[in-house]
Amino acid sequence: MSRQHRSLFFLLQLLTLLISISSSNPNPQFPCEPPYFNSYPVCNTSLSITDRAQSLISLLTLREKIQQLSNNASGIPRLGIPPYEWWSESLHGVASNGPGVSFNGIVKAATSFPQVLVMAASFNRTLWFKIGLAVGVEAKAMYNVGQAGLTFWAPNINIFRDPRWGRGQETPGEDPMVVSAYAIEFVKGFQGGSWGGSGTFRDRFRGKRALRGDNHDDDERGDGLMNSACCKHFIAYDLEKWENFSRYSFNAVVTKQDMEDTYEPPFRSCIQQGKASCLMCSYNAINGVPACARGDLLQKARNEWGFKGYITSDCDAVATVQEDQNYTRIPEDAVADVLKAGMDINCGSYLVRHTQTTIEQGKLQEMDIDRALLNLFSVQLRLGLFDGDPRKGQFGKLGQQEICTSQHKMLALEAARQGIVLLKNKKRFLPLNRNAVSSLAIIGPMANNISNMGGGYSGVPCDPKSLFEGLQGYVKQASYASGCSDVPCDSDAGFNEAILTAKKADFVIVIAGLDLSQETEDHDRVSLLLPGKQMALVSSIAAASEKPIILVLTGGGPLDVSFAEGDLKIASILWVGYPGEAGGKALAEVIFGDYNPGGRLPMTWYPESFTRIPMNDMDMRADPFRGYPGRTYRFYTGKRVYGFGQGLSYTDFTYKFLFAPRKLSLSRSFTGTSSKNILHQRQVLDSVHIDEVTSCDSLRFYVHISVTNVGDMDGSHVVMLFSRAPKIFQGTPEKQLIAFDRIHTSSYRSTKTSILVDPCNHLSIANEHGERILPLGDHVLTLGDLEHSLSVETY
């Protein structure tokens, strides 16, 4: 046979093989499916993650590579790789927002936990981890039955900077330290506890590979993921639509000082301690450059913070670079800018449509796409997507039976209980004695509504019950009147019926506040007052009721309810936020004393006058020269309706410092740059730069605290330790939270707890250059009304 004939023969053989593969297995269910597609190096689990990812990239054509740069990544049939949807959501339970999730299969619902802001009010790290793990288990189970992806775009860890923000409800609040702690715990749980969050969980779902003792590449195997969590929105994103400002075109002007001590810490913690595998860049620009094109910030996350994962844009946030921000003249420049900055994938089709011409115009090289694909495929490999049949993997046994379990529903109830905040309780009106309540009237448009119980980014709850239904189970006779036809409450036509209902009842509960018609994605509030005529409804019911009433507030954003705080006919005020599917039962348990409330507000509640402050002003610090009061409890100098950390209990607690040092001596090394040494000449007498402290670890100390329950009811209590630094320059925080712990203390008993303080982290502040410094002099540790002075000195 001639050489020409041999070549033709082998070509025909290859063509026959390809036709055979195509006809025998036209729609592979998963990558590396045997017998035709499992021989590629990417399927070889004995290779490193990087080698496997690079081998896959080497097999792709340029067109195939570009088709991977969208959330709806195209399949590669010739390699047996099905399409993949990157966009799924799981903010406080598997949600229906993203196209990657469907509730139309055998799974019809998933556990709906309280909205994040309510969970944050528990100030309970252990609870946050458990919820992250539970949501992660249900997410993985839904993937296994074909109703979800593996990559979920949660949590939202932006700072709740302005009370009008429509998405503040989705965040853990206004304090960077609390937001950071929540991010760490939720991400660890959701991604599988870094393989070690729960030994029992890990052992139960170990796959065949572990049983075989296949422990190659331990370092990279340690990076394995149950699911991928995404820290969003990077960075300084907290405005939807206010006056003429829109999130798609907003330029957030942020100082280096505010960036260092407010906007960056949650993302740094989410990456460094939480080990998040995804980062989402936001719509807005920061100081004139769109977030997804801020190469300095994206590379800071990778190079300084050690981020290992992929970076996605928010949806259509690459298009906004050109179309809304007008940062570039043509689409190709926008594509080149974001990919060269370090973004890896676009939620939307913009990259798919414009990357080819960007390369043809010489603005981008194929290696820039390869860099992005390496990050994308590496995360998919860590998720086990190329390890063969997922049913044989480590989490392959998870299925429908793991969703809406009694344990998860009980966890949702516990989260709602712990997140409810008691704001007012005159003459200890609450708890009610259920045996002494003959009838109960529940008034308000949110009282008998289950559609908004979870707030934004919710899914289909397992067993939802309204607040009215939860309360109804505690009394023999319960009546309901809406008062307002809906939350906007534009009419008082229903007031008379509500007043008559209230007059007939022994006790009255009015449920007022917000729902998603008032605050949500793409919609900020303009007022902090109760919507429409709700205030009039509350006051009318209070005036008509024989006994003082109980006011329950829903929603995420702070409300100016000064009228209710000062009304003697309103005995008690409770904030329930968006309490999730078990919120009705949790509220009833609190009101009738089966559960002692211990939640604390994770944000400041401002008066209506705060709405005069421009929402687009990103400055955190007060500026008396321009009448600017600052933002959040750390810097705000104005009046408050309720403060950060405020929350009452049915019992009383007292504190005692058992031990804390009085003096802290440290040495420093003058090894900084010449520019910093110039700065030292000005600040050497009042502060030390953190990077020049000889040993931060050696400065750590414990504060030992005793908490005594001096009342007659058991309860859990949030211990909050603040520090107040010497005011060495304008803009020093008024105070800052350095530690918190939720502890349970029995009636007339004491509980001891210890808090580790890291001075380089907890006692330091940011100067105007965005550098961390440790002020010298007297720092004050505060615990409730107690104060402890700590002198920081150098030698």
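Two strands pair if DSSP finds at least two bridges between them. Helices (H or I, at least four residues) and strands (E, at least two) are DSSP runs, numbered from the N terminus. By these terms, four bridges join strand S7 to strand S10 (residues 310–313), and the two run parallel. This is a predicted model: local features need pLDDT of at least 70, side-chain atom pairs count only at pLDDT 80 or more, and totals for chains, interfaces and linings use all residues. Residues are numbered from 1 along each chain as its sequence is written, and side-chain values use heavy atoms, with hydrogens and water left out.

**Overall build**

- The chain holds 25 helices and 27 strands.
- Its radius of gyration (over C-alpha atoms) is 28 Å, close to the 28 Å that the globule rule (2.2 Å times the number of residues to the power 0.38) gives for 795 residues, so the chain is as compact as a globular protein of that length.
- The C-alpha trace spans about 105 × 70 × 55 Å along its principal axes.
- Of the 795 residues, 61% count as buried, meaning under 20% relative accessible area with a 1.4 Å probe, protein chains only.
- Take contacts (heavy atoms within 4.5 Å) between residues at least 6 apart in sequence: 78% join residues at least 24 apart.

- S7 covers residues 278–281.
- Both of its faces are covered: Cys 278 and Met 280 on one side are buried, as are Leu 279 and Cys 281 on the other.
- Strand S3 (residues 230–234) pairs with S7 in the parallel sense, over three bridges.
- Cys 278 stands opposite Cys 230 of S3.
- Cys 278 also stands opposite Tyr 310 in S10.

- S23 (residues 750–757) has alternating side chains.
- Thr 751, Thr 753, Ile 755 and Val 757 point to one face and are buried.
- Strand S20 (residues 701–709) runs antiparallel to S23, joined by eight bridges.
- Lys 752 in S23 is the bridge partner of Ser 706.

**Around Val 508**

- Val 508 is found in strand S14 (residues 507–513).
- It counts as buried because its relative accessibility is 1%.
- Ile 443 is 65 residues away from Val 508 in sequence, yet 7.6 Å away in space, C-alpha to C-alpha.
- Leaving aside neighbours within four places in sequence, the contacts of Val 508 include Leu 440, Ala 441, Ile 443, Ile 541 and Ile 550.

How values were computed. Buried < 20%, exposed > 50% of the residue type's maximum accessible area, 1.4 Å probe, protein only.
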